[in-house]
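Subject: Structure handover and findings

Dear colleague,

I am passing on the structure we spoke about, together with a written account of what was found in it. Please read the account with the structure open beside you.

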Amino acid sequence: MSAKNWPSPPIERGLIVHCANETLRPMTIFEKIIARQIPAKIIWEDDDAIAFHDVDPQAPVHVLIVPKKVVPRLTDATDDDRALLGKLLLVARDLAKELALSSGYRVVINCGPDAGESVPHLHVHLLGKRALAWPPG
Ligand code: AMP
């Protein structure tokens, strides 16, 4: 069955989305959070991105900053994403200030299996309120 002939109900329910190449794929967990299909502790949002607390925090503060545009991972970003990528870091800076991470914080992007990426939707981790070891495991 071609993508165009796929019955519409799953798409209307927002469970499946069209990709640019006309194939279908399930929504990622982050797309579902953006669409308010599943709950999250959202702390900031604008038209381009959203930030919410990680469900499995690795530090007393562990926030994810997620672009609303679906870019699976940094490898897939293009020159057109330059401003968006810069914005994610500036949001991390602003949230670090808002969350009083005055003694330091870490900003992490896991890209691909060796880095432990588990959600294929680009996101920036903001971790703080504890001393973080280096090098990472
Ligand atoms: P990564 O391993 O870099 O792909 O990071 C994915 C992060 O998403 C992990 O730290 C997960 O704990 C987090 N995560 C997964 N599902 C949820 C969710 N429903 N709400 C908040 N964070 C989530």
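Of the 137 residues of the protein chain, 18% count as buried, and since this is a predicted model, that share, like every value below, is computed from predicted coordinates. The chain contains three helices and seven strands, which follow one another along the sequence in the pattern α-β-β-α-β-β-β-α-β-β. Among the contacts between residues at least 6 apart in sequence, 50% join residues at least 24 apart.

In soluble globular proteins, nonpolar side chains tend to be buried together. Here the largest nonpolar core has 19 residues, and those with the most contacts inside it are A51, I65, A92, L95 and L126. The elements that give two or more residues to this core are α2 (29-34), β4 (49-53), β5 (61-67), α3 (82-98) and β7 (124-128), with the largest share, five residues, coming from α3.

Strands of a sheet pair through backbone hydrogen bonds, either parallel or antiparallel. In this model an open sheet of five strands has the order β3-β4-β5-β7-β6, and the pairing is antiparallel. The edges are formed by β3 (42-45) and β6 (105-108), each of which has a single partner strand, so that one side of each is left without a neighbour in the sheet. On average, neighbouring strands of this sheet are turned by 20 degrees against each other, direction ignored.

Two of the pairings can be described in more detail. β3 and β4 pair in the antiparallel sense over three bridges, and a hairpin joins β3 to β4 through three residues; W44 has A51 in β4 as its bridge partner, and A51 is also listed among the residues with the most contacts inside the core. β4 and β5, in turn, pair in the antiparallel sense over five bridges, with H53 standing opposite V63 in β5.

The ligand

Which residues surround the ligand? The shell consists of I29, A40, F52, D54, V55, D56, L64, N110, G116, E117, S118 and V119, and these residues divide into six nonpolar, three polar and three charged.

Backbone features to check

Most residues other than glycine have a negative phi, and most peptide bonds are trans. A100, found in the loop between α3 and β6, has a positive phi of about 60 degrees although it is not a glycine; A100 is exposed, because 10 other C-beta atoms lie within 10 Å and the cut-off for exposed is 12 or fewer. K129, which lies in the segment after β7, likewise has a positive phi, near 75 degrees, and is a residue other than glycine. With 17 C-beta neighbours inside 10 Å, K129 counts as partly exposed, a class that falls between the exposed limit of 12 or fewer and the buried limit of 20 or more. The segment after β7 also holds P135, and a cis peptide bond, with omega about 5 degrees, joins W134 and P135.

R130

R130 is found in the segment after β7 as well. Where does R130 make its contacts, once residues up to four places away in sequence are not counted? R130 touches A59 and P60, and the C-alpha atoms of R130 and V61, which are 69 residues apart along the chain, are separated by 8.4 Å. R130 counts as partly exposed, because it has 15 C-beta neighbours inside 10 Å.

With best regards

Methods. Residues numbered from 1 in each chain as written. Predicted model: local features only at pLDDT ≥ 70, side-chain atom pairs only at ≥ 80, totals over all residues. Core = buried A, V, L, I, M, F, W, Y, C linked by C-beta atoms within 7 Å. Helix = DSSP H or I, 4+ residues; strand = E, 2+ residues; numbered from the N terminus. Contact = placed C-beta atoms within 7 Å. Near = placed C-beta within 6 Å. Nonpolar A, V, L, I, M, F, W, Y, C, P; charged D, E, K, R; others polar. Pairing = 2+ DSSP bridges. Axes fitted to C-alpha atoms, helices over the stretch in contact; angles between N-to-C directions.
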